[in-house]
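Me: Hi! Could you walk me through this protein fold?

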Amino acid sequence: MDDLDRRLLSALHGWGTDPRVAAAARALSRAGEHGALWLAAGLLGAAVDRERRGAWLRGTALTAGAHLVGMCAKRLVRRPRPGHVEPLVRTVGRHSFPSVHATSAAAAAVAYGALGARPVLPLAAAMCVSRLVAGVHYPSDVAAGAALGALTARLGSGWMLAPRLAYNRRPRP
C-alpha cells in the first residue's frame with residue numbers, strides 16, 4: 001500500500017509543474033486552512049437562505065465538528081507527511097493522516113449538498129485533489145479524511161435537517 005500511495009502521489013504531484021495548476025492548488029490549500037472556506041460557505045448559506053437558516057447553521061456546526069474529529073485523529077495517528085516530493089505549500093503541522101482539508105471538504109459536500117448547494121461537491125473534490133498536487137498528503141490520507149468527513153456529516157444529517165420542534169408547536173385550544 002505504501003508503494004502505491006507514493007507512486008500515486010508522485011504522479012498527481014507532477015501536475016503541479018503547470019504554474020496554473022500549482023496556483024490553484026495553493027489557493028485551495030490556503031482557503032481550506034482550518035475549514036475556513038467551508039465554514040464561510042455555511043454562514044453565507046445561513047445569511048442568504050433565511051427559511052432554512054437553522055439547517056445551514058447546523059450543517060456548519062457538523063462541518064466544524066468533522067474538522068475537529070479529523071484534527072484529533074491526526075494527533076493520534078501521527079503519520080509523517082510525504083518526504084519524497086517537494087511540497088508546493090507550507091503546512092500547519094507535521095502529520096499527514098487523515099487530511100483534515102479533505103475531512104472538512106467532504107463534510108461540507110454532504111451537509112450543504114443536502115441543502116441543495118450543488119457546486120460544493122466539485123469544489124470539495126478539487127480541494128481533495130489539491131492536497132495531492134501540493135504534495136502534502138498521500139492519497140490514503142485524503143481518502144480517509146474524505147470518508148471521515150462524509151460519515152460525520154451523514155451521521156448528523158438527521159439533526160441538521162430536523163425542523164426545530166419549538167417553532168412547530170401550536171398552542172392547544
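Predicted model: local features only at pLDDT ≥ 70, side-chain atom pairs only at ≥ 80, totals over all residues.

Me: Which residues touch the most other members in the largest nonpolar core?
Reply: They are W38, W56, Y112 and V120, in a core of 20 residues. A nonpolar core is a set of buried Ala, Val, Leu, Ile, Met, Phe, Trp, Tyr and Cys residues joined through side-chain atoms within 4.5 Å. Buried means under 20% relative accessible area, exposed over 50%, and partly exposed in between (1.4 Å probe, protein chains only).

Me: And which element gives the most to this core?
Reply: That is α5, with 6 residues. Helices are DSSP runs (H or I, at least four residues), as are strands (E, at least two), numbered from the N terminus.

Me: Switching to α3: which of its residues are buried?
Reply: W38, G42, G45 and A46 are buried in α3. They sit on the same side of α3 because they cover an arc of only 100 degrees around the axis; the arc is that of the directions from the helix axis to the C-beta atoms.

Me: What about the other side of α3?
Reply: There, L44 and V48 are exposed.

Me: What covers the buried residues of α3?
Reply: The cover includes α4, α5 and α6, where contact means heavy atoms within 4.5 Å.

Note on methods
Residues numbered from 1 in each chain as written. Heavy atoms only, no water.
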